[in-house]
Amino acid sequence: MPIYEQVFQIEYPLPKLDTLVAHDFDAGAMENWGLITGRTSAFLLDPKKSDLAAKKRVATVTSHECAHLWFGDLVTMAWWDNLWLNEGFATLMGEVIIIDKVFPEWKVDSEFIDVHLARALDLDAVRSSHPIEVPVPDANQINQVLRHPCSIFDALSYSKAGSGSFYSSLVGIYLKANPRRLNEIVLRMLSNYVGEETFLRGVSIYLSKHLYGNSVTKDLWKGIGEASGLDIPKMLDNWILKIGYPVVTVKESNDSITVRQDRFLSTGDPSDKENETLWQIPLNVKTADASGKVSTDRSIVLSEREATIP
């Protein structure tokens, strides 16, 4: 909790936080105002017998639910279509950024690729996927969509929203996928592009301006835009509002590279209509001079279908 207070620059407002563990609990875990509830498997372990995977589960679930005390309780989504503001951030903060500060030896950045990125990309690579932010005109639909394999509580809302930095480090991009997972991927892409310190300062601005109130996606973009001086909606609107994600093809020549983006489908056959979206893709371009010294340019953004980089 002190780490969250330090990162967000907002104190936890209650005198204590309780945890209630139940043998029979429908969800894995859930945060409430001053009370976290969850299954025994989510919070209890035997330190002498439990393996590392069990310890990681308890730590990440606890940290995820603590993140909701800020993203969900202190600032709440205005409506269900902004679910990713709660879940994407809780996944990114609780399961990656904060855990990495507490247990750096776990190297959660590397584990993120398998646990979050791969799952999100699998889901978002099919035609039946959906954008991170989807319309929910009637709250009564929530129980229906929860039972749907591509519901708003799927990996897109948790992981796609929170990801983003691994793809940047591979080809200079950070992708989205699995609403839960896709959300996280997109947020990690943004954090990687503007810098984690600037990203967290923007998040703090966003939280401070909407304490004990409701927020929508544009409110978060305003906070991060204020901290970074960048046009965040221009960069991220298509990542949040459009279905799918791009694959980037790189061709090398003697004095330049040419990069091209197209929508990725697991079937490998997007139609022209399915391939209309152009994403703003941050690139990391590494070059080496005559002496072999390597430098990385993180300022390049692929916004067109194809571009040549000298």
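The structure described here is a predicted model. Glutamine 261 belongs to strand β7, where valine 248 stands opposite to it. The side chain of glutamine 261 also reaches the backbone oxygen of glutamate 304, at 3.1 Å. Residues up to four places away in sequence being left out, glutamine 261 touches Pro246, Val247, Thr277, Leu278, Trp279, Ile281, Leu302, Ser303, Glu304 and Arg305.

Strand β7 is part of an open sheet of three strands in the order β6-β7-β10, and the pairing in this sheet is antiparallel. The edges are taken by β6 (246–252) and β10 (306–309); each has a single partner strand, so one side of each is left without a neighbour in the sheet. On average, and with direction ignored, neighbouring strands of this sheet are turned by 20 degrees against each other. Between β6 and β7 (residues 257–263), which run antiparallel, there are seven bridges.

Another open sheet consists of three strands in the order β1-β3-β2, with mixed pairing. Here β1 (18–22) and β2 (29–32) stand at the edges; each has a single partner strand, so one side of each lacks a neighbour in the sheet. From one strand to the next, the twist averages 15 degrees. Four bridges hold β2 and strand β3 (residues 35–39) in the antiparallel sense, and alanine 29 has glycine 38 in β3 as its bridge partner. Helix α3 packs on this sheet and touches β2 and β3, its direction making about 30 degrees with that of β2.

Leucine 45 is found in the loop between α2 (40–43) and α3 (52–67). With a relative accessibility of 35%, leucine 45 counts as partly exposed, since that value falls between the limits of 20% for buried and 50% for exposed residues. Apart from neighbours within four places in sequence, leucine 45 is in contact with Ser50, Ala54, Lys55 and Val58. Leucine 45 and arginine 57 are separated by 12 residues in sequence and by 9.8 Å in space, C-alpha to C-alpha.

The structure holds 12 aromatic pairs. In one of them, the rings of phenylalanine 8 and tryptophan 70 have centres 5.7 Å apart and planes at 50 degrees, so the pair is tilted. Phenylalanine 8 lies in helix α1 (residues 2–8) and tryptophan 70 in the loop between α3 and β4 (75–77), so this pair ties together parts that are 62 residues apart in sequence. Phenylalanine 8 counts as buried, at 0% relative accessibility, and tryptophan 70 is buried with a relative accessible area of 0%. Tryptophan 84 and tryptophan 221 make a further pair; their ring centres are 5.6 Å apart and their planes are at 45 degrees, so this pair is tilted. Tryptophan 84 lies in helix α4 (residues 83–102) and tryptophan 221 in helix α11, so parts that are 137 residues apart in sequence are tied together. Both tryptophan 84 and tryptophan 221 are buried. Ring pairs also link Tyr4, Phe8, Tyr12, Trp70, Phe71, Phe89, Phe199 and Tyr206 into a cluster.

Helix α11, which carries tryptophan 221, comprises 12 residues (residues 217–228). At 1.5 Å a residue, the helix should span 16 Å, and its end C-alpha atoms are 17 Å apart, which agrees. The expected span is 1.5 Å times one less than the number of residues. The buried residues of α11 include Trp221 together with Thr217, Asp219, Leu220, Gly223, Ile224, Gly225 and Ala227. After α11 comes glycine 229, whose phi is positive, near 75 degrees.

Definitions and conventions: Residues numbered from 1 in each chain as written. Predicted model: local features only at pLDDT ≥ 70, side-chain atom pairs only at ≥ 80, totals over all residues. Heavy atoms only, no water. Helix = DSSP H or I, 4+ residues; strand = E, 2+ residues; numbered from the N terminus. Buried < 20%, exposed > 50% of the residue type's maximum accessible area, 1.4 Å probe, protein only. Pairing = 2+ DSSP bridges. Axes fitted to C-alpha atoms, helices over the stretch in contact; angles between N-to-C directions. Polar contact = N/O pair within 3.5 Å; in protein donor to acceptor, adjacent residues only side chain to side chain. Contact = heavy atoms within 4.5 Å. Phe/Tyr/Trp six-rings, centres within 6.5 Å; stacked < 30°, edge-to-face > 60°.
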